[in-house]
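Below are my notes on what I looked up, in the order I got to it.

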Amino acid sequence: MNSKQIEDEEQRRQWGARTWSTLAAVRSRSPLIQCITNFVSMDLVANTLLSAGASPAMLHSLEELPDFTPNVDALCINVGTLSAAWLPAMKFAAELALKAGKPWVLDPVAAGASKFRMMACLELMQLKPTVVRGNGSEIIALSKASTEFSMGVDSSHESTDAVEAAKSLAQTSGAIVAVSGAVDIVTDGKQVIGAHNGVAMMQKITATGCSVTALIAAFLAVDQLHALETTASALSIFGIAGEMGMETAKGPASLRTHLIDSLYGLDEAAVISRVKIASL
């Protein structure tokens with residue numbers, strides 16, 4: 001190998017070791033992750049967290065939040081099936097997490113689909129999420145504060161199309177911004193990192209994006225100080241689980257099952273050999 005190849009291999013090994021260390025910490029500590037998420041995703045989100053070693057709490061009652069949210073290790077808010085009745089709880093939970101110094105992650109599902117949805121996302125952004133994760137269209141819409149037509153939870157933009165929008169959003173909000181796609185992009189507004197794991201069929205399973213957002217929250221719960229790297233590691237781990245699940249899956253339904261099994265069974269050798277994270 002030439003010097004560039006040796007350097008790339010060393011960086012890959014370092015990312016592998018970091019990623020495995022974070023997953024091992026999640027398994028060891030079993031952080032409590034509160035998820036205020038949509039009806040479609042609740043089952044897969046909870047099972048993703050359990051398979052990774054975290055402890056999910058699908059709690060959204062406004063009355064319970066003062067007693068519960070300050071004691072969680074991280075919070076995940078997903079606006080997929082947003083309603084006026086749920087928005088106050090989302091905002092209050094974010095306020096409590098922020099006050100308690102707990103990391104929280106926002107998934108701005110279909111942010112540009114309606115004025116109500118965009119305003120809700122912008123109000124949540126004011127509460128300083130640690131990480132924002134969406135697809136290319138969602139991040140572009142949120143960055144521009146746009147109410148133009150979007151394709152709901154499906155993306156009409158590749159993740160690479162949204163790099164500049166993601167950097168701008170990160171700079172204005174102070175959040176780490178992650179854009180899911182064929183290559184998952186993570187940025188703090190200056191650095192840009194790409195996670196190259198995953199398979200295309202994961203896009204045929206509803207709530208995979210919601211689930212990786214929750215996994216990011218679990219990773220942040222054990223390493224909030226390195227949010228950029230931690231987010232990239234979570235995206236890579238979920239992608240690796242998809243790759244391994246695809247080896248025995250026959251279609252989207254079986255991939256859903258095998259993805260969860262693969263996430264549960266990931267070992268150090270598999271993580272270190274499969275992680276594909278690099279600066280862009």
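**Cysteines**

I started with cysteine 35, which has 3% relative accessibility and so counts as buried (buried means under 20% relative accessible area, exposed over 50%, and partly exposed in between, with a 1.4 Å probe and protein chains only). Before going on, I noted that this is a predicted model, where local features need pLDDT of at least 70, side-chain atom pairs count only at pLDDT 80 or more, and totals for chains, interfaces and linings use all residues. I also noted that residues are numbered from 1 along each chain as its sequence is written, and that side-chain values use heavy atoms, with hydrogens and water left out.

How many disulfides does the structure hold? I found zero, taking a disulfide as a pair of cysteine sulfur atoms within 2.5 Å. A reminder to myself: a disulfide is a covalent bond between the sulfur atoms of two cysteines. For cysteine 35, the closest cysteine sulfur belongs to cysteine 76, and at 5.0 Å that is too far for a bond. Cysteine 121 is in no disulfide either, with the nearest cysteine sulfur, in cysteine 210, 12 Å away. Cysteine 121 has 0% relative accessibility, so I put it down as buried.

**Salt bridges**

Next I went through the charged pairs. Side chains of opposite charge can pair when their charged atoms come close. I counted a salt bridge when a side-chain nitrogen of Lys or Arg is within 4 Å of a carboxyl oxygen of Asp or Glu, and the structure holds eight of them.

One of them joins aspartate 43 and arginine 256, with the closest N and O atoms 2.8 Å apart. Aspartate 43 sits in helix α2 (residues 42-52) and arginine 256 in helix α10 (residues 252-265), so this pair ties together parts that are 213 residues apart in sequence. My helices (H or I, at least four residues) and strands (E, at least two) are DSSP runs, numbered from the N terminus. I looked up accessibility as well: aspartate 43 is partly exposed at 43%, and arginine 256 is partly exposed at 32%.

Lysine 91 and glutamate 123 also meet in a salt bridge, at 3.0 Å from N to O. Lysine 91 is in helix α4 (residues 87-100) and glutamate 123 in helix α5, so parts 32 residues apart in sequence are tied together. Lysine 91 is partly exposed at 26% relative accessible area, and glutamate 123 counts as partly exposed at 31%.

Then I checked aspartate 107 and arginine 133, a salt bridge with its closest N and O atoms 2.9 Å apart. Here aspartate 107 lies in strand β4 (residues 104-107) and arginine 133 in strand β5, so the pair ties together parts that are 26 residues apart in sequence. Are these two residues buried or exposed? Aspartate 107 is buried, at 1%, and arginine 133 is buried too, at 5%.

I also found a network of salt bridges that links Glu9, Arg12 and Arg13.

**Two helices crossing**

I moved on to helix α1 (residues 3-29) and helix α9 (residues 227-246). Their axes come within 9 Å and cross at roughly 85 degrees. Axes here are lines fitted to C-alpha atoms, for helices over the stretch in contact, and angles run from 0 to 180 degrees between N-to-C directions. The two helices are therefore roughly perpendicular to each other (under 35 degrees counts as roughly parallel, over 145 as roughly antiparallel, 65 to 115 as roughly perpendicular and the rest as oblique).

Which residues meet? On the α1 side I listed Trp15, Arg18, Thr19, Thr22 and Leu23, and on the α9 side Glu229, Thr230, Ala232, Ser233 and Ile237, with contact meaning heavy atoms within 4.5 Å.

**Loops**

Lysine 128 has a positive phi of about 60 degrees although it is not a glycine. I found lysine 128 in the loop between α5 (115-125) and β5 (131-135), partly exposed at 46% relative accessible area.

Alanine 207 is another residue other than glycine with a positive phi, near 80 degrees. Alanine 207 lies in the loop between β8 (192-195) and α8 (208-222) and is buried, at 8%.

Glycine 198 lies in the loop between β8 and α8, and is partly exposed at 30%. Not counting residues up to four places away in sequence, glycine 198 touches Gly239 and Glu243.
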